[in-house]
Number of protein chains: 2
Amino acid sequence: MESGIFKTAENFGLTEGISELILTTKNAKDDKISANAAPIGIIQKNGKLFLRLFKGSKTYENLKREDFFAANITDDSVLYAKSTFYDLDESQFECKEYQPLSTLAEKIPALKKADRVVLFKCVGRKETEDLLIIDVEPIEFVIQNAGKSGFIVNRGFNAVIEACIYMTRYELTKNQEYADKIYQMQEIVLKCGRAEDKEAFEIIMKRFQKP
Amino acid sequence: MESGIFKTAENFGLTEGISELILTTKNAKDDKISANAAPIGIIQKNGKLFLRLFKGSKTYENLKREDFFAANITDDSVLYAKSTFYDLDESQFECKEYQPLSTLAEKIPALKKADRVVLFKCVGRKETEDLLIIDVEPIEFVIQNAGKSGFIVNRGFNAVIEACIYMTRYELTKNQEYADKIYQMQEIVLKCGRAEDKEAFEIIMKRFQKP
């Protein structure tokens, strides 16, 4: 990856380490809705960006086939919670042909509500027993909401992100340790969060009642 | 607070709930350095913004006397860790007379490295036994680093913010529960954080060795 693109990615919040963003991917033609959204970590290490996708996930299925996707940057915690556990409604997506790609027949779905969108191309795939590792490169940076000019440092928002991860692990393992962590996150959300963080947390907590 | 200012504050990341930002305040004239920096929660509730300052803290001392301060928005986790436990070096501050205040003799210190700065005025003070509650109003919004155009969602950065809080509580109470949480945060920083998050965490961990 060129260092200029690298710096732009960083300025868009795609930093070294793992950026927890909502990835939107195109579904297969026979799917009931055309796009999927899911929070996924974009990993940046030694100047390379890549994804580690678990087999069986929708993002895995889609990016095995599709070469383009979008990383959506937002502080909308409800979008994080919903897209972790459910399909987002078709109306949440916008499928644009972005300028530098207009020579391609491809359109990339993104979230209408995202403040920033980074479009990516998959440039290499490697499969292991239960993982698909995809090298990715940013191809365009879009400011969808120019009004958003600062960035959030709210423990409540952060705790929603954590709780989505812990609930996913809890559902896979039923390990009580994760449930305990979810309750710790709840305390933080109730104390520090915004109305939308509390709403997002309710979506997460409903998963406990799921049969 | 007018609703326009309110919306601008939100767009700068000063959301409902508690925004954990680094507050810079002017020190008393006899102090060895001219300004102080400390991470403080700015609380937004029912359309009002206020601070809850514990008695004895430097920010408490300064804002009992001074009417203006800056809220610094940054994803520089080293600044968070250093300003939680130590005085920042004089060279980190810049003391500007901002345009709408130029009629005033006042200058407000801010952090040179902050991406965004919101200048505040204290408009009301209320003291309880161990707290000073100050109603505040934003008076100016400054984009210091226009290159930063997106925002970070990195669990490592978030874990540094948490660990600063837990270490502060641990130092006050010596409660092992906080030490355990700090080690949990360390795991997240090592897995997801940027180089600067790891550096910030080392600053935090050194406090364990403090006599």
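Is Cys122(B) buried, partly exposed or exposed, and how many other C-beta atoms lie within 10 Å? In this predicted model, Cys122(B) is partly exposed, with 19 other C-beta atoms within 10 Å. A residue counts as buried at 20 or more such atoms and as exposed at 12 or fewer, so the value of 19 for Cys122(B) places this residue in the class in between.

Cys122(B) belongs to strand E7 of chain B, which covers residues 116–127. Apart from neighbours within four places in sequence, Cys122(B) is in contact with Leu63(B), Asp67(B), Ile134(B) and Val136(B). Glu137(B) lies 15 residues away from Cys122(B) along the chain, yet the C-alpha atoms of the two are separated by 6.6 Å.

**The two chains**

The contact between the chains involves 30 residues of chain B and 30 residues of chain A. On the chain B side, strand E1 (17–26), helix H4 (155–173) and helix H6 (195–205) each supply at least two residues. E1(B) gives the most, with five residues. Sorted by class, this side of chain B has 11 nonpolar, 12 polar and seven charged residues.

**Domains of chain A**

Chain A is divided into domain 1, residues 3–143, and domain 2, residues 155–209. Taken over C-alpha atoms, the centres of these two domains of chain A are 23 Å apart. Their contact takes 11 residues from domain 1 of chain A and 12 residues from domain 2 of chain A. On the domain 1 side, helix H3 of chain A (residues 77–85) gives the most, with seven residues. That side of domain 1 has five nonpolar, two polar and four charged residues.

**Core and packing**

In soluble globular proteins, nonpolar side chains tend to be buried together. The largest nonpolar core here has 120 residues, and those with the most contacts inside it are Val160(A), Ala163(A), Val160(B) and Ala163(B). Leaving aside neighbours within four places in sequence, Val160(A) is in contact with Ser77(A), Tyr80(A), Ala81(A), Val189(A), Asp197(A), Ala200(A) and Phe201(A).

Helix H2 of chain A spans residues 58–65, and Thr59(A), Tyr60(A), Asn62(A) and Leu63(A) are buried in it.

**Strand E2 of chain A**

Nine of the 11 residues of E2(A) are buried, so this strand is largely enclosed by the rest of the structure. E2(A) has antiparallel pairings with E1(A) and with E3(A). The bridges are set out below.

| Strand pair | Bridges | A bridged residue pair |
|---|---|---|
| E1(A) and E2(A) | 10 bridges | Thr24(A) and Ala37(A) |
| E2(A) and E3(A) | three bridges | Gln44(A) and Leu49(A) |

The hairpin of E2(A) and E3(A) has two residues between the strands, and Asn46(A) takes a positive phi near 50° there.

**Residues with positive phi**

Most residues other than glycine have a negative phi. Lys174(A) is not a glycine but has a positive phi of about 60°. Lys174(A) sits in the loop between helix H4 (155–173) and helix H5 (176–192) of chain A. With 9 other C-beta atoms within 10 Å, Lys174(A) is exposed.

In chain B, Lys174(B) also has a positive phi, of about 55°, although this residue is not a glycine. Lys174(B) is placed in the loop between H4 and helix H5 (176–192) of chain B. Lys174(B) counts as exposed because the number of C-beta neighbours inside 10 Å is 9.

How values were computed: Residues are numbered from 1 along each chain as its sequence is written. Chains are lettered from A and ligands numbered from 1 in the order in which they are written. This is a predicted model: local features need pLDDT of at least 70, side-chain atom pairs count only at pLDDT 80 or more; totals for chains, interfaces and linings use all residues. Two residues are in contact if their C-beta atoms, placed from the backbone, lie within 7 Å. Helices (H or I, at least four residues) and strands (E, at least two) are DSSP runs, numbered from the N terminus. Ala, Val, Leu, Ile, Met, Phe, Trp, Tyr, Cys and Pro count as nonpolar, Asp, Glu, Lys and Arg as charged, and the others, Gly among them, as polar. Domain bounds come from an automatic or database domain assignment. A nonpolar core is a set of buried Ala, Val, Leu, Ile, Met, Phe, Trp, Tyr and Cys residues joined through C-beta atoms within 7 Å. Two strands pair if DSSP finds at least two bridges between them.
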